[in-house]
Amino acid sequence: MSFTQQLRQKADSIWKANHEHPFVQEIGAGTLDLEAFKYYMKQDYLYLIEYSRVFALGAFKAPDLETMATFSTYLQSTLTEEMSLHRSYAKRLGITEDELEHAQPSPTTIAYSSYMISEAQKGSLAQLIAVILPCAWSYSEIGKKLAEIPGASEHAHYGEWIQMYQDDEFAAIAEWLCTKLDQLASSLNDREQEQLETIFITSSRFEYLFWEMSYHQTNWE
Ligand SMILES: Cc1ncc(C[n+]2csc(CCO)c2C)c(N)n1
């Protein structure tokens, strides 16, 4: 079993809880409270700005030009394709661009994005990948699962979200990150591999907290 498959297995109970989270389930059923979705869109936009910075740091830390170019492509596609989904949703849901870019980040958004930036800055390229891999990989799994529900991809509000994340383009990003991490981990000792595992599990837990925060629209008060 590859290193990343082992990570996936170790985080399985957390990933199951993510898949089963009411926010995710209700997107699939088309019953999610639209206010919770609007709240999520705003927080996720802020999160994606910071996530993009991690791709930029990946390009900076890349050991060769090919890896550098791939990180730079993903930086570009996140800022344009993924974030333009948020911008078009925002427009339709009555959220202005200013509101989207200058929303107040919630405690969970701050904690998760600061954790990603911190690990990416202070760590190796393997640590940088371990911190962002659960985001790319778990959304791809969730998108594909929800797309199997009849009618879910055609839902007036949530269909587009499902269509976006079930796309093979996102699966390809996750696969590329897995391949890179498997290569880098193969030359690491047990202690260093355990560090990667801790990072991967922590990000997986933050994914859960992000669903939870969005479902309850929690903020400082
Ligand atoms: C909290 C949160 N976690 C993961 C994603 C999904 N995601 C973030 S970056 C990326 C790959 C490159 O665009 C993917 C799939 C999200 N939107 N919000």
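**Reading the helices and the core**

Visitor: How many Å should the 27 residues of α11 span?

Guide: At 1.5 Å a residue (the expected span is 1.5 Å times one less than the number of residues), α11 should span 39 Å, and its end C-alpha atoms are 39 Å apart, which agrees. Helices are DSSP runs of H or I, at least four residues, numbered from the N terminus. This is a predicted model, where local features need pLDDT of at least 70, side-chain atom pairs count only at pLDDT 80 or more, and totals for chains, interfaces and linings use all residues. Residues are numbered from 1 along each chain as its sequence is written.

Visitor: Which residues of α11 are buried?

Guide: An α-helix has 3.6 residues a turn, so residues three or four places apart point the same way. Among the buried residues of α11 are Leu196, Ile199, Phe200, Ser203, Phe206, Glu207 and Phe210 (buried: 20 or more other C-beta atoms, placed from the backbone, within 10 Å of the residue's own). After α11 comes Gln217, with a positive phi near 50 degrees.

Visitor: Which residues of the largest nonpolar core touch the most other members?

Guide: In soluble globular proteins, nonpolar side chains tend to be buried together. Here the largest core has 51 residues, and Ala130, Ile132, Leu133, Ala136, Leu177 and Leu181 touch the most other members (a core joins buried Ala, Val, Leu, Ile, Met, Phe, Trp, Tyr and Cys through C-beta atoms within 7 Å). α8 gives the largest share, 13 residues. A second, separate core of five residues includes Tyr39, Tyr40, Tyr45 and Tyr89.

Technical notes:
Helices (H or I, at least four residues) and strands (E, at least two) are DSSP runs, numbered from the N terminus. A residue is buried if 20 or more other C-beta atoms lie within 10 Å of its own, exposed if 12 or fewer, and partly exposed in between; C-beta atoms are placed from the backbone.
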